[in-house]
Amino acid sequence: TNMSGNPKEDYFSDGLTEDIITELARVRELHVLARNTTFQYKGQAVDVPAVGRKLGVQYVMEGSVRREKERVRITAQLIDANTGAHLWAERYDRELKDIFAVQDEITSRIVSAIAAGSAGLLQDSARRRVAGKRPENMEAYELVLRATAPNPYTQQWYDETSALLDQAIRVEPNYARARQEYAWLKLLGWIFRFERGTLPPDEIKHNAIKAVELDPNDALAHRTAAYGYFFDHQLE
């Protein structure tokens, strides 16, 4: 939940939520529902046991984000979906630059709370997971969050998103996620004719392959590179 009092800040709380989902999903012993399933409850007062039964889950995580200039307050709580009881809750007041450390701590605490008697196994798994390469520059991270916020596919959306991702790459050329998102966007622009000129597959491949090189464990970068090769008729 965005608690900043400004709906335009939704991109930040949504992006943080998606990043935590991604980090939890890297723990192979956990089955984590995708954002498309959970985001349908955004902005609703949720009966956790009812949601748990409907979705067939054992646990529900919820939280809030409030930003004030360069500081952020994050609350997170893990709830037993069978009983509605709180298993763990925490509040974090940090500098914005510490956002990735907070993400990792939340993930680790959730894994530990869920694991109970087998905490060692799951915590080791969490530590072994290969986290995405994080940007050193928070501006690049925020630009990517703005670019990946849900929006209808229109020419204006395409142009604005292209500009945001291009800026993110210029701010931090070695940010794998920015490269991957840019390559995927250009692929969509090519398919849906948002790209006004002729877009060579080489541009898609270049950025996607660079993303793979920067973060070899990014599955989406591999996917985008594969599409680039496909449309360039390099099937092997």
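Start with the whole chain and its contacts (heavy atoms within 4.5 Å): of those with a separation of 6 or more, 60% are between residues 24 or more positions apart. What you have open is a predicted model, in which local features need pLDDT of at least 70 and side-chain atom pairs count only at pLDDT 80 or more, while totals for chains, interfaces and linings use all residues. Residues are numbered from 1 along each chain as its sequence is written, and side-chain values use heavy atoms, with hydrogens and water left out.

Now colour by secondary structure. Along the sequence the pattern reads α-α-α-β-β-β-α-α-α-α-α-α-α. The radius of gyration, taken over C-alpha atoms, is 19 Å, close to the 18 Å from the globule rule (2.2 Å times the number of residues to the power 0.38) for 236 residues, so the chain is as compact as a globular protein of that length. Of the 236 residues, 42% count as buried, meaning under 20% relative accessible area, with exposed over 50% and partly exposed in between (1.4 Å probe, protein chains only).

Next, select residues 71-80 and 86-95. These are strand 2 and strand 3, which pair in the antiparallel sense over nine bridges; pairing requires that DSSP finds at least two bridges between the strands. Pick Arg-73 and you will find its bridge partner, Asp-93, in strand 3. Five residues lie between the two strands of this hairpin, and Gly-84 in the turn has a positive phi of about 80°.

Move on to Glu-160 in helix 7. With a relative accessible area of 44%, Glu-160 is partly exposed. Its C-alpha is 7.9 Å from that of Ala-147, 13 residues away in sequence.

Then click on Glu-172, in the loop between helix 7 (155-171) and helix 8. Which residues does Glu-172 touch, not counting those up to four places away in sequence? They are Arg-134, Pro-135, Glu-136, Asn-137 and Ala-140.

Finish on helix 8, residues 176-191. Here 13 of the 16 residues are buried. After the helix comes Arg-193, with a positive phi near 65°.

Note on methods
Helix = DSSP H or I, 4+ residues; strand = E, 2+ residues; numbered from the N terminus. Expected span 1.5 Å × (residues − 1).
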